[in-house]
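Please open the model in your viewer with side chains displayed, and follow the charged pairs in the order given below.

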Amino acid sequence: MSRIAYVDGVYLPRSQAAVSIEDRGFQFADAVYEVWSVFGGRLADLDGHLVRLQRSLRELAIPMPMTRASLLIVLKELIRRNKIYNGMVYLQISRGVAARDHFFPENSFPTVVITAKSVDFVAAAKKAEAGIKVITVEDNRWGRCDIKTVGLLPNCMAKEKAKEQGASEVFFFDRDGMVTEAGSSNAYIINQKGEILTRSLEANILAGITRFNLIDIAKELGIPVIERAFSVDEAKVAREAFVTAATAFVMPVVQVDNCVIGNGKPGDIVTRLRAAYIEKALKSAI
Ligand code: PDD
């Protein structure tokens, strides 16, 4: 039996069900989901999952795109069309489609995808009779920032917070108040001695390609680079600060929270670094 999915108001065969490649769920994991069990064709714990869905959406400032009544009609209709007796319904709501940008888009409309499938409750019962084995794994969820994954929702949320406060980037700091990296770039300060400080790669940060090049360029220019953690407090009294990324190149930072860096204008060292980076990038571009 061909399975039917629901995408943004339309029921269609699963093979034809699709969302845009610019959907925020696909680009940033900027989406929420719920799963209901279906017992004898009826939804279990309907309200519990609905309340949590509303909470998840609220926390991410994604508007609920359907009323409870219309969502319930769709859930039931999908169960009916897929002839589910025992099974599950999966619902995903993303922030919608927009050109890729960490900041929340202004005019997107949430994407709604719902699928349903049968589950063999007899097999599940057999499994329950035997019980299952587990292994222990350290809980480091959201803790592998060294992998360039598209799981960027925390970065998007942080950058959106920056935007709300008239800033365009964030310096993430860890439990010890030490800066890790930026929302979509690596973070640096230049101390009063003229040394560049940036977190070492042992930390939970992305090994930026621009970072590697920047360090080489700094060495060529005779500017010392120390790969060690610096604190938020150190950043606030830095001589200069900047971030690097493939699209930002070397971007001067002139304010950290309420503290103006230097005289509030890009400093001499970062200006030299930016020019040298762009020159080298232009020369080496293939
Ligand atoms: N971001 N750290 C984070 C969290 C990033 O998202 C990026 C890049 C970097 C810098 O990496 P690189 O120098 O290799 O670009 C560091 C890209 C540009 C983005 O998400 O658009």
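A salt bridge here is a side-chain nitrogen of Lys or Arg within 4 Å of a carboxyl oxygen of Asp or Glu. The model is predicted, and a search of the whole structure finds 16 salt bridges by that criterion.

Begin by selecting Arg68 and Asp47, whose side chains form a salt bridge with an N to O distance of 2.5 Å. Because Arg68 belongs to helix H3 (residues 68–81) and Asp47 to helix H2 (residues 46–59), this pair ties together parts that are 21 residues apart in sequence.

Next, select Arg144 and Asp146, where the side chains meet in a salt bridge at 2.9 Å, N to O. Arg144 is partly exposed, its relative accessible area being 44%, and Asp146 is also partly exposed, at 36% relative accessibility.

Finally, move to Asp30 and Arg24. Are these two residues buried or exposed? Both Asp30 and Arg24 are buried, which means that each has under 20% relative accessible area. Their side chains meet in a salt bridge, with 2.9 Å from N to O.

Terms used:
Residues numbered from 1 in each chain as written. Predicted model: local features only at pLDDT ≥ 70, side-chain atom pairs only at ≥ 80, totals over all residues. Heavy atoms only, no water. Buried < 20%, exposed > 50% of the residue type's maximum accessible area, 1.4 Å probe, protein only. Helix = DSSP H or I, 4+ residues; strand = E, 2+ residues; numbered from the N terminus.
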